[in-house]
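Please keep the sequence and the structure open while reading.

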Amino acid sequence: MFSIDMFKNIPISEENKINAIEFLNHYKSGQYLYPNVIIRSVKISKDVQPWILKALIDNQLVEEERYYRCSRCASSTASYCKEEYEMLEDLYCEICDDEINLDDYEVVYRIK
Ligand SMILES: [Zn+2]
């Protein structure tokens, strides 16, 4: 469960904090949080999203991972945590075997 304490030093309104907690509490440990989904969440405005991510990161509630997608067939591939993606030298799509561009990734956050 996320608590409002995580926003102690974050300059967003009380209303945004409450809405963010309500949104975050739909997530369980091990699930992935996509930054775009925060923006798309009904009650949270775009300019508040970076502050929510900052609070999650500062409080070590999430682990940052990189999510690679094959640009040829758009098939998804796995996410890799920092220790793993720093070791990656090449990556191939499991569906079409095409080489995946390692500079083309989406940052995702895994809930701890
Ligand atoms: Zn592919």
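Two residues are in contact here if their C-beta atoms, placed from the backbone, lie within 7 Å. By that criterion, 13 residues of domain 1 are in contact with 8 residues of domain 2. The model is predicted: local features need pLDDT of at least 70, side-chain atom pairs count only at pLDDT 80 or more, and totals for chains, interfaces and linings use all residues. Residue numbers start from 1 along each chain as its sequence is written.

**Domains**

- The protein chain is divided into domain 1 (4-63) and domain 2 (65-111), with bounds that come from an automatic or database domain assignment.
- Taken over C-alpha atoms, the centres of domain 1 and domain 2 are separated by 25 Å.
- On the side of domain 1 that touches domain 2, β1 and β2 are the elements that give two or more residues.
- That side of domain 1 has 8 nonpolar, 3 polar and 2 charged residues.
- In this count, Ala, Val, Leu, Ile, Met, Phe, Trp, Tyr, Cys and Pro are nonpolar, Asp, Glu, Lys and Arg are charged, and the others, Gly among them, are polar.

**Sheet**

- Helices (H or I, at least four residues) and strands (E, at least two) are DSSP runs, numbered from the N terminus, and two strands pair if DSSP finds at least two bridges between them.
- An open sheet of 4 strands runs in the order β1-β4-β2-β3, with antiparallel pairing.
- β1 (32-33) and β3 (76-81) are the edge strands, each pairing on one side only.
- β1 pairs with β4 (residues 105-111) over 2 bridges, and Tyr32 stands opposite Arg110 in β4.
- β2 and β4 are joined over 7 bridges, with Arg66 opposite Val107 in β4.
- β2 (residues 62-69) also pairs with β3, over 4 bridges, and Tyr67 stands opposite Ser79 in β3.
- In general, strands of a sheet pair through backbone hydrogen bonds, either parallel or antiparallel.

**Nonpolar core**

- A nonpolar core is a set of buried Ala, Val, Leu, Ile, Met, Phe, Trp, Tyr and Cys residues joined through C-beta atoms within 7 Å.
- A residue is buried if 20 or more other C-beta atoms, placed from the backbone, lie within 10 Å of its own.
- The largest nonpolar core has 12 residues in all, among them Met6, Phe7, Ile12, Ile38, Ile44 and Tyr109.
- The elements that give two or more residues to this core are α1 (14-24) and α3 (49-58).
- α3 gives the most, with 3 residues.
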